[in-house]
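Entries follow in the order I checked them.

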Amino acid sequence: MNKVLTAVLTLLTFSACSKSEKKYESPAGYDFSKPVKYKMPDELAEISGIAFYPGRNDLMYGIQDEVGKLFYWKNGQQEPPTHVTFGKHGDYEDLGITNNFAIILRSDGNLFIFQEQEAKEGTVGVVKEWKSLIPEGEYEGLYADNEANDLYILCKNCGADKKTGSLSGYILHLDEEGTP
């Protein structure tokens, strides 16, 4: 039995160390063989969510995980990013930009919505907080579809998922006024 176990472990070790590399096809507009790297500013050490400005791959938004700040910067810029405070300390998970609004998802499923232009200007006027739009749970991911103005929200830990072994997702539509 020990010889069989030794042989299996040896084979697994050699297969894990093999140098067979998979070839992946690069998406349109990007070459995997020539990656672009950007050094993130120190202020973004605890980023928990990022989003591109719609239609641009050089303008970015990011949120700090716990401090309620949204950052805006151009990739590769040397000066510190612009930031605005949109909320109190909390567990902010992700963000999206659509329909001229910045939408931030907190882990409890609450959404914070304000004019995206205000992030660029460094000051926020009115922040709408939307509660109880989705069932109670712990949420992790948000995607904003700029074409349809839809918000896709993924639950990390929702009660309905415990018996199914799956993850719940929700789609909300954002109207022209920033109301889901």
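I began with glutamate 138, which counts as partly exposed because its relative accessibility is 30%. I am working from a predicted model.

Next I looked up its partner. Lysine 156 forms a salt bridge with glutamate 138, with the closest N and O atoms 3.7 Å apart. Lysine 156 lies in strand 10 (residues 150-158) and glutamate 138 in strand 9 (residues 137-145), so this pair ties together parts 18 residues apart in sequence. Lysine 156 is partly exposed, at 47% relative accessibility.

I found that lysine 156 also forms a salt bridge with glutamate 140, the closest N and O atoms being 3.7 Å apart. Here strand 10 and strand 9 are linked across 16 residues. Glutamate 140 is partly exposed at 35%.

I then checked glutamate 129 and arginine 106. They form a salt bridge, with the closest N and O atoms 3.3 Å apart. Glutamate 129 sits in strand 8 (residues 128-130) and arginine 106 in strand 6, 23 residues apart. Buried or partly exposed: which is arginine 106? Arginine 106 counts as buried because its 18% relative accessibility is under the 20% cut-off. Glutamate 129, at 34%, is partly exposed.

I counted 7 salt bridges in the structure. I also noted a network of salt bridges linking Arg56, Asp58 and Lys74.

Cores next. The largest nonpolar core has 17 residues, and Tyr61, Ile63 and Phe114 are among those with the most contacts inside it. Apart from it lies another core of 15 residues, including Leu111 and Tyr139.

Note on methods:
Residues are numbered from 1 along each chain as its sequence is written. This is a predicted model: local features need pLDDT of at least 70, side-chain atom pairs count only at pLDDT 80 or more; totals for chains, interfaces and linings use all residues. Side-chain values use heavy atoms; hydrogens and water are left out. A nonpolar core is a set of buried Ala, Val, Leu, Ile, Met, Phe, Trp, Tyr and Cys residues joined through side-chain atoms within 4.5 Å. Buried means under 20% relative accessible area, exposed over 50%, partly exposed in between (1.4 Å probe, protein chains only). A salt bridge is a side-chain nitrogen of Lys or Arg within 4 Å of a carboxyl oxygen of Asp or Glu. Helices (H or I, at least four residues) and strands (E, at least two) are DSSP runs, numbered from the N terminus.
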